[in-house]
Amino acid sequence: MESTAPEPTATPVAPASPASDWVKRFLHVIIEPRSYLNALYLLTALPLGLTYFVVLIGGAVTGAFTGIILIGLLFLLATLVAAWGFALLERELVILLLGVNVPPLSLPNTELVTPWRMLVNHLRTPSTWRSMVYLLVKLPFGIFATVLAGVMLVPSIAGILFPVGRIVFEGPSVEAIGNLIFPGALAVVGLAVSFHVLNAVARIWGRFAADMLGVSEEQRQVWESRRRAETADRSRRELIMNVSHELRTPIASIQAHVDSLLLPEADRPDAAETERRLRVTAVETRRLADLIEDLLMLARADSEELKVANRAIELGPIVDQVVQALAPLALNERKVTVKLDEMPAGIWAIGDVDRLAQVLTNLVRNAINYTPEGGVVSVRVSGSADHVQIAVSDTGLGITAADLEHIFERFYRVDSSRARDTGGFGLGLSIARELVEAMGGSLSATSQPGLGSTFWISLRRAEPSQ
Ligand code: ADP
């Protein structure tokens, strides 16, 4: 599908003179909130840097030279905790005042570890030592930054306040108005220059802080891939548990029935019972084959091998075919009417014909299965400007809000004993959702317990293809 973006219409703009443009940009720095936040950071850099230095060096020296070893260790530990607290504070200040995006100081650790292990991990993390160096470097930087900010800002601000104060307190006089030009105007220029210089210093320091205070990109990537591997491993283990659990019942049933048919002649059931047992065995075997198909489909989805051939497809024939295929059986076997409620002609969407038919079949089959005799299942298609919706509604049992949150999860069944009667393993909806999402759409459900449910397939709308 190609969509053409409208050509941007050129609005006639009065040609701005480059000189006035430059002056505007030069002075704009005075009204930017970021300039004042940067200045605040630089002005407080010296007192903060001094505090960090005194506490860290003081703590380390006291710890190292304390006569009693235990107290000395306690001092070192307290210094380490203080350093961590200072690093956290600095990170917040850099983010808030300098507007720099700093990665987290440490990566979340889900393992439960002893305090000793935590301390060892903390000492082994490079960012711990990097942040310590940062805190110590902050003192010389603070001397430079605070002095620079003070020297640049104080005269400029005084030069602006002086004439304004004179007019306010002494009334407008020729001399006072003259002061507005000198030093007033000059001070405004001075303030703009100061902010430009201070902003540049803040930018450089902000970049340095982001490198020193946050974990490195490499560490973050290692952590992210480890987390992903753990999640995949957990879901694989869960899948194996669930599959084993699901296989147990049908296999036990098949085994019991086949064993009973292999008993000595005298103990074997009569012909009618034998046939019943064979039928049960056939049904269970088919269920197992279906389960294996579903599992294969999920495995393909997990390894991103699920092939969905997306193209523009017309919905009418697909919906019609599914309804026609399922309606007679539903009426004969379950006295449930399946009907096509609304099908505006010529609705096209992006999707895969076979996969969409598979999803629709699943939804309509569920609707039939979970609707008591005499109920109605209706399918409705509607379209908006860029989306198309297929709704499958039933007048069945409905689903509670608590269950509705989980029904798209693998192996989730609202009532496993009832679901077992209907033959499901709780995989149908999770597969249906994977398929619809692979078509670039979404699958959701709404329900009123006791009244019925509606499942919504939403797909991207497409132009009819020739
Ligand atoms: P199953 O193969 O067990 O039907 P699904 O993934 O298709 O598995 O559905 C999960 C659960 O959602 C079902 O066990 C059933 O309890 C509930 N469910 C699905 N469709 C409906 C419906 N139309 N009405 C009521 N409950 C439904």
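The model is a predicted one, in which local features need pLDDT of at least 70, side-chain atom pairs count only at pLDDT 80 or more, and totals for chains, interfaces and linings use all residues. I note that residues are numbered from 1 along each chain as its sequence is written, and that side-chain values use heavy atoms, with hydrogens and water left out.

**Backbone angles**

Phe-411 is not a glycine, yet its phi is positive, about 65 degrees. I placed Phe-411 in the loop between helix H12 (401-404) and H13 (helices, H or I with at least four residues, and strands, E with at least two, are DSSP runs numbered from the N terminus). Lys-335, also not a glycine, has a positive phi of about 55 degrees. Lys-335 sits in the loop between helix H10 (315-334) and strand E2 (337-342). I found Lys-335 partly exposed, at a relative accessible area of 45%. Most residues other than glycine have a negative phi, and most peptide bonds are trans. I noted a cis peptide bond between Phe-182 and Pro-183, with omega about 10 degrees. Pro-183 belongs to helix H7 (residues 174-213).

**Helix H6**

Gly-171 follows H6 and has a positive phi, near 85 degrees.

**Ligand**

I counted 20 residues around the ligand, with Asn-366, Asp-394, Val-414, Gly-426 and Leu-429 the closest (near means a heavy atom within 4 Å). Helices H11 (353-369), H13 (416-422) and H14 (428-438) and strand E7 (452-460) each supply at least two residues of this shell. An N or O atom in the Asn-366 side chain is 2.8 Å from a ligand oxygen atom. An N or O atom in the Asp-394 side chain is 2.9 Å from a ligand nitrogen atom.

How values were computed:
Polar contact = N/O pair within 3.5 Å; in protein donor to acceptor, adjacent residues only side chain to side chain. Buried < 20%, exposed > 50% of the residue type's maximum accessible area, 1.4 Å probe, protein only.
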